[in-house]
Amino acid sequence: METESVTIRKAGHDDVPAIVAMFASDSLGGHGDTTDPAALPGYMAAFRRIEQSPNETLYVATKDGEVFGTFQTLITTTLTGRGGSSMIIEAVHTRADCRGQGIGEAMIRFCLDEARRQGLRQVQLTSNAKRTDAHRFYGRLGFEASHIGFKLKLK
């Protein structure tokens, strides 16, 4: 997909370092990501698991071949909603120096178009409570803060 010079495509092995660099530069996320070369095998193993999953896809947003954003989708089916399937959007990130240029909007619109194409009943995502700018952004795109999310870190 191309939207005003932003190309959305499935991520490849060669994109992993750029994706990790975006996550590592995120001061709000608190995920402990790092560009330390010793950590790369763990990231590559995770990439392979995502790549092999029939229900998960990792994407990158590029301009002129350079990675400026990333997100991951998961398709899940539940018995609620009469057995409907949903798209969960995870790990949405635009490189800090490129925010406000329409990259995030292109990524989310790509997800919405893909969910409609697949006939899914809804698209959902969670956002760090500290990311008030992101909350306004998602609201502007039609998302409603309808639920409260909970996490329990195991490691």
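In general terms, it's a covalent bond between the sulfur atoms of two cysteines.

Before I go on, a word on what you're looking at. This is a predicted model, where local features need pLDDT of at least 70 and side-chain atom pairs count only at pLDDT 80 or more, while totals for chains, interfaces and linings use all residues. Residues are numbered from 1 along each chain as its sequence is written, and side-chain values use heavy atoms, with hydrogens and water left out.

Cys-98 has a relative accessible area of 4%, so we call it buried. Cys-111 comes out at 1%, so that one is buried as well.

Now let's zoom out to the protein chain. We have 5 helices and 6 strands; these are DSSP runs, numbered from the N terminus, with helices being H or I and at least four residues, and strands being E and at least two. Starting at the N terminus, you'd read the elements off as β-β-α-α-β-β-α-β-α-β-α.

What about overall size? The C-alpha trace spans about 45 × 40 × 30 Å along its principal axes. The radius of gyration, taken over C-alpha atoms, is compared with a globule rule of 2.2 Å times the number of residues to the power 0.38. For 155 residues, a compact globule would be near 15 Å, and the protein chain has 16 Å, which agrees. Of those 155 residues, 36% count as buried.

Contacts next, where contact means heavy atoms within 4.5 Å. If you take contacts between residues at least 6 apart in sequence, 59% of them join residues at least 24 apart.

Met-87 has 1% relative accessibility, so it counts as buried. Leaving out residues up to four places away in sequence, Met-87 touches several residues, including Thr-73, Ile-75, Leu-120, Val-123 and our friend Cys-111. Its C-alpha is separated by 8.8 Å from that of Leu-112, 25 residues apart along the chain.

Stay in strand E5, which covers residues 85-94, and you'll find Ala-91. The phi of Ala-91 is near 50°, a positive value in a residue other than glycine. At 36% relative accessibility, Ala-91 counts as partly exposed.

Where else do we see a positive phi in a residue other than glycine? Arg-82 has one, near 60°. You'll find Arg-82 in helix H3, residues 80-83, and with a relative accessible area of 86% this arginine is exposed.

Last stop, Lys-153. Look in the segment after helix H5, which is 132-140. Lys-153 has 65% relative accessibility, so it counts as exposed. Between the C-alpha atoms of Lys-153 and Asn-55, 98 residues apart along the chain, there are 23 Å.

Terms used
Buried means under 20% relative accessible area, exposed over 50%, partly exposed in between (1.4 Å probe, protein chains only).
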